[in-house]
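Here is a short briefing for a first look at this structure. Keep the 3D view open as you read.

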Amino acid sequence: MVDRLERLTDLVLVLLRDDRPKPLREIAAEVPGYPAEGEARRQAFERDKRTLRDGGVEVSAVPIEGREQVGYLIRPEDFYLPDLDLAPDEQAALNLAVAGVHLGDPSGRDALWRLGLPATAGVQPFADLAALPALPVLYDAVRRRATVTFDYRGDTRHVAPALLRFRGGWWYLVGFDLDKEASRTFRVDRMDGAATVGSPGSAVMPDDFDPGASLPEEPWRMGEEEVVRVDVLVDRGLAPLVVAEVGDSTVHDRRHDGAVVVRLEVTNIAALRSWVLELGEHAEVLAPDSVRADMIAWLEATAGRSSSPVAG
Amino acid sequence: MPARADAGYRLHRLLAVLTWLARQGRAPVAELAERFGIGPDELIADLELAACCGLPPYTPDQLMEIMVDEEEVVANLGPELARPRRLTAAEGFALATAARAIEAVPGADPDGSLARGLDKLEAVLGDRDRLRIDLGEPPHLAELRRAVEAHEQIELGYYSVSSDEESVRVVDPLSVVALDGRWYLDGYCHRAGDRRRFRVDRVLSVRPTGAAAPGPPPGALAGEVADHRAGEVGEAAFVPGPDAVVARVAVDDTGLWLTDAAPTLGVEPLPDGRTVVRLAVASTVWFDRLLLRLGPHGEVLDPPELADSGRRAAQRLLARYRPPAAGGS
């Protein structure tokens, strides 16, 4: 009885050796361990092909002349990468990166194995980025400039993807929405189901499209409302943290008691309200009156459980 | 890793070992076993099996040339097996993400080795610059990273949301890690007399005390930080401690963001169309602010002692907005 690992290893070597596709009959004659013939042999071979594919080794089926009509091979370009020509310090740096950044699955280690740079153990973790199953598919689509189609908040979206971005704990896909003909940013964890990927090169976007510009830095800029300048008073205690977060340039007034007033450009009032309320009793909207009144109405609705409608 | 690995994983691992051997020529069994996370006996068995593999007619000259004894493996495998192999989509993504994440931290790639390696990798993988990782850069991050590396004890000014207090404490810093988009400092806090985790964006000041901080016990840190989600005490407020109370909050569709903003223990629908979110509440200050943000879109169902939290917090905050004479109307 031949060990299945031995059969798989021989199969890889045989299918890689020459560029002529071989029919299963020939493969079974060359690779020890397959059942004599018939359906059992076919099933065993199909199972091996699946195992190889799951492990990232693609066996191609090609039409051939003759009784069996289909031949198999592993194309060198499907198996090998062009040589990366990495210097030892570059190899070491990639090793450390994979050891230090955790993605919740062993893909990084597997990548190093395939490159022939097995990881060093005992490295102190450095960052942990929640990986989502959709990410490799989207990354592949971005790299191949292929369109993606997915369900998002009840709509089907068709997007030319430009960039994957991790920020503030979330993954975003930035792209050109082909139906809305405008730049859009999508939270990857909010996509429903798997994305469908188009053919390579199918994603076309305007020449002047700049994906880097399309993800605003602050939540209160993530909206399409008219820009409103809002003044927020922050007490002494939290002032340094808030100024570090929103930047020195937003400081409109520094009071003698240590409090600051920051002036923010807001296109999403609900997001601004949420941000101010997270500062609890240490912050207050001063102006304009309309935004201050909105905040008071919100607090009254919360305090009184009144049924007066407040925009969400 | 499963105790009895399946055939696909064994093949993947064996090819990786062979690639390494094709490049190195020889390697001690113990070193190979450690590198590939495999027991020495299993490694030897796999390599002995590989020595029987090759091409038809499987005469000795067509088999892989691998000699194994208990101490060492010697192999003569030819250049084909030494070549780097194609990465799956998940592997390419993982490698690029890891490299980009490190690159995003100022000072983390001082001599540019990583940037050069990543450049070569992305040239082969396809399009460049399609992945951006932003881990944030709170003001005191660089100082804290330096203190960890230099084993310097520090005096830390810190704002704690859970107690709504500023404090100054002496800390022996152990590590600085980015978890899901936020930076944390792990260290031994002399005020608490225990390990604590601090959010770097809430650090108000850092001052070296001049004393040396004892480093982590050798080899201990990797494991400790690896199970950071399992309940290390700290400020993250994401880990329900023994004192945490479980609250049930009903939210409408507008309030569903709650499941993103807080660590939820469970979610279930209500007949009226709303959703019940179960949360561990370790700090009432934190919970009050969450309820303020939910406003009329959330309602505390349980426990009774927290049912009024949002209402009272809103009343307190309203006092700031309304002149006292008009208050309480």
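The points below go from the contact between the chains to the strands and domains.

This is a predicted model. Chain A brings 91 residues to the contact with chain B, and chain B brings 95 residues. On the side of chain A that touches chain B, 48 residues are nonpolar, 18 are polar and 25 are charged.

**Helix against helix**

**A strand pair across the chains**

- Strand 6 of chain A (residues 155-167) pairs with strand 4 of chain B (residues 131-134).
- The pairing is parallel and has 4 bridges.
- Arg167(A) has Asp134(B), in strand 4 of chain B, as its bridge partner.

**A hairpin in chain A**

- Strand 7 (residues 170-177) and strand 8 (residues 182-187) of chain A run antiparallel, joined by 6 bridges.
- Phe176(A) is bridged to Ser183(A) in strand 8 of chain A.
- Between the two strands of this hairpin there are 4 residues.
- Glu181(A) takes a positive phi near 50° in this hairpin.

**A sheet in chain B**

- An open sheet of chain B has 4 strands, in the order 11-12-10-13, with antiparallel pairing.
- Strand 11 (264-269) and strand 13 (298-302) of chain B each have a single partner strand, so one side of each is left without a neighbour in the sheet.
- On average, neighbouring strands of this sheet are turned by 30° against each other, direction ignored.
- Strand 11 of chain B is joined to strand 12 of chain B (residues 275-281) by 5 bridges.
- Thr264(B) has Leu279(B), in strand 12 of chain B, as its bridge partner.
- Helix 10 of chain B (residues 284-294) packs on the sheet and touches strand 10 (245-251), strand 12 and strand 13 of chain B.
- The direction of helix 10 of chain B makes about 135° with that of strand 13 of chain B.

**Domains of chain B**

- The domain assignment gives domain 1 (7-82), domain 2 (89-125), domain 3 (141-230) and domain 4 (245-321) of chain B.
- Between the C-alpha centres of domain 1 and domain 3 of chain B lie 44 Å.

Terms used: Residues numbered from 1 in each chain as written. Chains lettered and ligands numbered in written order. Predicted model: local features only at pLDDT ≥ 70, side-chain atom pairs only at ≥ 80, totals over all residues. Contact = placed C-beta atoms within 7 Å. Nonpolar A, V, L, I, M, F, W, Y, C, P; charged D, E, K, R; others polar. Pairing = 2+ DSSP bridges. Axes fitted to C-alpha atoms, helices over the stretch in contact; angles between N-to-C directions. Domains from an automatic or database assignment.
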